[in-house]
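Here is a friendly walk through one model, taken a chain and a helix at a time. Please keep the sequence and the 3D view at hand as you read.

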Amino acid sequence: MPDARPTTWRAWTGQVLLYTMFAAAIGVFSRWPVYHPIGDDQALIKVSLTHAGKPLGECRAQTEAELAKLPPNMRAPTKCPRERSPVTIEVDINGTPALRRVAAPSGLSRDGASALYQRIVIGAGEQRIAVRVNDDARQTGFPYQREATVKLAPAQVLVIDFDAEQGGITWQ
Amino acid sequence: MQRSNDASGPALLAAWRRVEHGFDAAFGSARNPLRQLGALGFLAFWLLAASGIYLYVFLDTSAAGAYRSIDQLAQQQPWLGGVLRSLHRYAADAFVILMAAHVAREWLHGHYRGFRRFSWLTGVPLVGLALVSAIGGFWIHWDRLGQYSAIASTEWIDALPLLSSPLARNFLSSDAVNDRLFSLLVFVHVGVPLLLLFGLWFHIQRLTRAAVFPPRSLSAGLLVTLLLLALVLPVTSHAPADLASLPQALRLDWILLFVHPLAEATSPIAAWAVVAGGLALLVVLPFMPQPARAPVAIVDPANCNGCRRCFADCPFAAITMVPHPNQRIGKQMASVDADLCAGCGICAGACPSSTPFRSATELVTGIDMPQATIGALRGRLQHGLAALKAERPIVVFGCDRGARVESLAAPDVAAISLLCTGQLPPSFVEYALRDGAAAVLVSACREGGCEFRLGERWTDERLRGAREPHLRANVAREQVSLAWAGVGDEATLRQALDSLRCAVGGLRHA
C-alpha cells in the first residue's frame, strides 16, 4: 500500500515554510499596523448622563370618593403621574452648537431614567464649552447650565455628566 | 452517475483544492492541516485552556491589581509565565484563523446541507462565542489596549436599542471601574469559553470518531510554531489603563479585535450589519434550495445478523442497534436514522453479508443502498469482466467523489465507480480475481480527503486486513493495488494502473 507521508527534504522545507508563514501572519497581524483611535491633536468629550426627569404632571390630592374606591392600604392622599419628563441636553463648543439631544425616559410607562451617551471629538487646546440641561417638560429654558473654558491636552477625555445631588452638570 | 464535486466545479473550490494539494506535497495527505482544521481548532482551544488556567492562578481579579499581576508574571517568570501569556494570545489568534478557514472549507465543499445541517448550525454560534471570548480577554488585562477594547465594545453594544442605560458608562472614569465590575469581566472570560466548549461538544455529536486532537506530528508542529513565536515575539503590555485619556497608538490585534476599527471606520450599526449579517447568512445557508438528498441505507432484517460492523463504520452515527424482529433473545439488527444518513454506502461495504460469493441468484445484503445495491455491483462486475477480451483484464473500483475511474477506459479495463470506495466489500476484490481479472486497482480519495470522512481509511484498513471485513490472506497482494486519487487526480490513477499492468505482466511472464 502507498505511503502518503512525504519524507524528502523538499517536503520538510515546505512544512517549515508553511509553519513560518502561519506564525508570521499571527505575529504581524496581532500587532501591526499600529492603530490610532484618535488624532495627535484631538481630544474627546464624552457627554453622558442617566437621570430621571421630573414628573410630567403635578401631584394632586385625591377626592374622598376616589379614596373610598381604593383598598385601605392604597389610600394615599395625593396621586402623582408616573410618566417622567424627557431630559434635553445641549452642548455648545466655542459658541457653535455641537450637540442637542432629547433623551426619552425609559420603561414601558416612561417612568424610568433618561440615558444618554455621546462622543464629541474636538481639537486639543483651549475650548469654550457651554452645557444646558432641562429635565422638566413643564418648564421652558434650561434650569441647569454650566459654561467654562477648558484646556484639553491631546487625547484627553473630558466627561460631562449630570448629578442632581452635586448641583447638576459635572465635569471630570 | 452525478458527480457533485467535479474538478470543473466552482472556481473557488477548485482553487482551494489546488492549495490543499500543495499542502499535501509538504505534509502528506493524511496530515494535511487544511484537512484537519477542526481538529487543529480543538488543539488551539486546549492550548488556550491550559495556558489560561495557569494565568488565572496569578491574575489579580481586582481593577487595580489586574495589570500589575499580569505584568509581574511576565517579568518574574519570563520563561514560564511570559511564554504562556504569549502562547495564550497566539493560540487565540490561531483559533480564530483556523475557525475561519474551517468555515470557508466546509462552505466551499457544500458541507452545510442535508445530513450535515446539524453540525453546521451548531457551529454558527461558536463563531460568536469565540469572538466574545477573545475580546473579553483583552479587557481583564486592563492596559491601554484593554481600555480601548472595553470602551469600543460597550459603545458598539450601546448602538443597539437593548439597554436602558448605556454600558459604556461603566468605563466613564476610573471610579466607575470597580472590583465588582472587574470580577464580572473575569467571570465572563471564563464562562464564555466554557459555553464554547459545551457548544463544541454539540457540534461534533453527529460524527463518529470526531477528531478532537490532530495527528501527533501536526499537534507538535502547531505547538512548536506557537511556542517559537512566543519566544521570538513575546506579547507585551501597553501602559496601564487610564480613563482620563485615550490611547493614541495601539498595537492592535487585528485578528481578534477587527470589529473595533470596522465600527469606527463605518458606523456601529454598519459593523453590526456585517457581523450579524454574516452570522445570519451562515444560519440561512442550509435552508437555501439544495439538491435532492441521496437515498439512505436500508436494512434487510432477514440478512442482518447484528454483527455491528456497519454501526462501527458509519462516519455519521446514523446507525444504531435495535432488537431484532425475529424475537430471539439478545439478537440485534441495525437501524438507520434517515436524517443522519449520508447515503455513502460505507455500511454496505462493512456488512459481512455483502459477499458476491453467495450462491443466491439475487444478492441481498444486510444493509444496502437502494440506488446502487451490492447485488447490482456484482452484476456490473460480472458484466464488465465478461465484456473484456484482453489477455490480462484489470478491474478498477473507484469513487463517485474522487478521481474519475471512467477516464481509464481501455480494452483491458473494467471501471466501476461506487458511491464511495468505502462501499466496496473486500470480497469483491477476491471475486474479481477469481472471475478472470488479472489484477484489481482500488481508487480511494487522498488520505483524510474522503467526502464521507472515513471511506478511504476503512478501505485501506480492510484491504490490509486490519479491519473487518478484511481481504482474505490467500489473495495475492501483487494483484491488488490501492491508489490515493481524489478529485482531479486522474493522472495519478492512470500511473497506478500502468504500474499494475507492468506488475501483472511481469507476474505472468515470470
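In what order do the elements of chain A run from the N terminus on? They go α-β-β-α-β-β-β-β-β-β-β-β, and the secondary structure of this chain comes to two helices and ten strands. Do keep in mind that this is a predicted model.

**The form of chain A**

Chain A has a radius of gyration of 30 Å, whereas a compact globule of 172 residues would have one near 16 Å. Along the principal axes, its C-alpha atoms fill a box of roughly 100 × 55 × 20 Å. Of the 172 residues of chain A, 23% count as buried. If we take the contacts in chain A between residues at least 6 apart in sequence, 62% of them join residues at least 24 apart.

**Helix H1 of chain A**

**Where the chains touch**

The contact takes 38 residues from chain A and 45 residues from chain B. On the side of chain A, the elements that give two or more residues are helix H1 (9-29) and strands E1 (42-51), E6 (114-123) and E9 (157-163). H1(A) provides the largest share of that side, ten residues. By class, the side of chain A that touches chain B looks like this:

| Class | Residues on the side of chain A |
|---|---|
| Nonpolar | 22 residues |
| Polar | eleven residues |

**A covered helix in chain B**

Is helix H16 (residues 455-464) of chain B mostly covered or mostly open? It is mostly covered, with eight of its ten residues buried. These are B:Gly455, B:Glu456, B:Arg457, B:Trp458, B:Thr459, B:Asp460, B:Arg462 and B:Leu463. The buried residues of H16(B) pack against helices H12 (309-313) and H13 (346-350) and against strands E7 (439-444) and E8 (480-484) of chain B. After H16(B) comes B:Gly465, with a positive phi near 85°.

Methods: Residues are numbered from 1 along each chain as its sequence is written. Chains are lettered from A and ligands numbered from 1 in the order in which they are written. This is a predicted model: local features need pLDDT of at least 70, side-chain atom pairs count only at pLDDT 80 or more; totals for chains, interfaces and linings use all residues. Two residues are in contact if their C-beta atoms, placed from the backbone, lie within 7 Å. Helices (H or I, at least four residues) and strands (E, at least two) are DSSP runs, numbered from the N terminus. Ala, Val, Leu, Ile, Met, Phe, Trp, Tyr, Cys and Pro count as nonpolar, Asp, Glu, Lys and Arg as charged, and the others, Gly among them, as polar. A residue is buried if 20 or more other C-beta atoms lie within 10 Å of its own, exposed if 12 or fewer, and partly exposed in between; C-beta atoms are placed from the backbone. The radius of gyration is taken over C-alpha atoms; the globule rule is 2.2 Å times the number of residues to the power 0.38.
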